[in-house]
Amino acid sequence: MIQINLSDTAAVLNKWVKEFWVDFEEDSELLDKLNDFLIKIETISENSAALVKQIKRQKSKTSEESPWVDLDHAPPPCLPKKILSSCSLFEINPLEVARQLTLIEYKLYSKIKPRECIHQLSKLREDKAPNIFALILRFNDVSNWTATEILKVDNLRKRIKAVCWFIEVGESFLKLNNLNGVLEIVSGLSQTPIDRLKQTWAGVGKKHLLSLEHMKSLMETTNNHKALREYISRISPPCIPYIGVYLTDLTFTEEGNEDHIYVKNTKYINIDKHRQFAKVTFEITKYQGTPYCLTIVPDLLKMLLNLTVLDEKALYDLSLQREERQ
């Protein structure tokens, strides 16, 4: 018969509560079991008091607001002299647009829970990973919005300026360490309805083209996103990573490793698989504790929360109107 050391069990639970309190926060049944266990060991385990303190500490953290940001040190917003509501999109400083989009995306990113990363990864479901889905949907919206806004411009000279403006938004994302945003812009500018605009691209200056090429090379999928992984390993928070890289890692871990291993006909849980899951999940969530020190511009934020987006067919039809097939 296996003897269970309750003191050691309490020590392990203490570490679990400290590092992964979200597991208990999201599962009331699990929390009830933890409390029942505490009642049973209260007088017989030397580590029970430490566990009780850890639980209280985590509960108090949960009740606090999100990490505090000293906005006194936030850079001043870069706003046009006239009222925002009377400005066209391209009259607004691309840096400030990138800042406000980053605030929106960081809020979505910061809500992702570790549990979402391990639920049916090969069949990712919205009900199991709502915050991951929300960030993915936002990525698609911003990418399609980029293409939509460029194609809404019927004048060639102004359309060239629109392309340059979006490249500058991408540059600003890069300065802000919003790698998710960088790829949104690269993706939008790489869509067929935009890529085929030869006259438009011919008018884009060398400086902007080189900047776009730099962003594209950073986001290359070659060698398992080697360039992006190396880049993100060198930066400091705040940051919004492109989680698509890590979702791919999780899928490979899920599909490439068995849940159990057998040693001398005895079945064991494949701990190494779970270690790999934990490592990738940490990479996804590790920047959530450092928010951006940026000032919200309410009117601009509201505008960027309600993007006008055309579907794929409408984008292509509009592209043909702007520049006919050659």
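Predicted model: local features only at pLDDT ≥ 70, side-chain atom pairs only at ≥ 80, totals over all residues.
Figure 1. Sorted by class, the lining of the second largest pocket consists of 5 nonpolar, 4 polar and 5 charged residues.

**Figure 2. The largest cavity has a lining to which helix 12 and helix 13 each supply at least two residues.** In general terms, rolling a probe the size of a water molecule over the atoms shows where empty space is left. In this model the count comes to 1 cavity of 30 Å³ or more. The space within the largest cavity amounts to about 40 Å³. Leu228, Arg229, Ile232, Tyr242, Val245 and Tyr246 form the lining of the largest cavity. Helix 12 gives the most to this lining, with 3 residues. The lining of the largest cavity holds 5 nonpolar residues, no polar residues and 1 charged residue.

**Figure 3. Helix 12 and helix 13 meet in a left-handed crossing.** Two packed helices are described by the angle between their axes and the distance between the axes. For helix 12 and helix 13, the axes come within 11 Å and cross at roughly 120°. The two helices are therefore oblique to each other. On the side of helix 12, the contact is made by Asn224, His225, Leu228, Arg229 and Ile232. On the side of helix 13, the contact is made by Val245, Tyr246 and Asp249. By class, the residues of the contact between helix 12 and helix 13 are 4 nonpolar, 2 polar and 2 charged.

**Figure 4. Helix 7 (residues 156-175) packs against helix 8 (residues 179-190).** The axes of helix 7 and helix 8 come within 7 Å and cross at roughly 160°. That angle makes helix 7 roughly antiparallel to helix 8. The crossing of this pair is left-handed. Helix 7 makes the contact through Val163, Phe166, Ile167, Val169, Gly170, Phe173 and Leu174, and helix 8 through Leu179, Gly181, Val182, Glu184, Ile185 and Leu189. The residues of the contact of helix 7 with helix 8 comprise 10 nonpolar, 2 polar and 1 charged.

**Figure 5. Helix 7 also packs with helix 11 (residues 206-218).** The angle between helix 7 and helix 11 is about 45°, and their axes lie 10 Å apart. That makes helix 7 oblique to helix 11. The crossing of helix 7 with helix 11 is left-handed. Cys164, Ile167, Glu168, Gly170, Glu171 and Leu174 of helix 7 make contact with helix 11, whose own contact residues are His208, Ser211, Leu212, His214, Met215 and Leu218. This contact between helix 7 and helix 11 has 6 nonpolar, 4 polar and 2 charged residues. Ile167, Gly170 and Leu174 of helix 7 take part in the contact with helix 11 and in the contact with helix 8.

Note on methods. Residues numbered from 1 in each chain as written. Heavy atoms only, no water. Axes fitted to C-alpha atoms, helices over the stretch in contact; angles between N-to-C directions. Helix = DSSP H or I, 4+ residues; strand = E, 2+ residues; numbered from the N terminus. Parallel < 35°, antiparallel > 145°, perpendicular 65-115°, else oblique. Left-handed = near helix turned anticlockwise from the far one by under 90°. Contact = heavy atoms within 4.5 Å. Nonpolar A, V, L, I, M, F, W, Y, C, P; charged D, E, K, R; others polar. 1 Å grid on protein atoms, 1.4 Å probe; cavity = no way out; pocket = protein on both sides within 12 Å on 5 of 7 lines; lining within 4 Å. Points joined across faces, edges and corners; volume = space filled by probe spheres on them.
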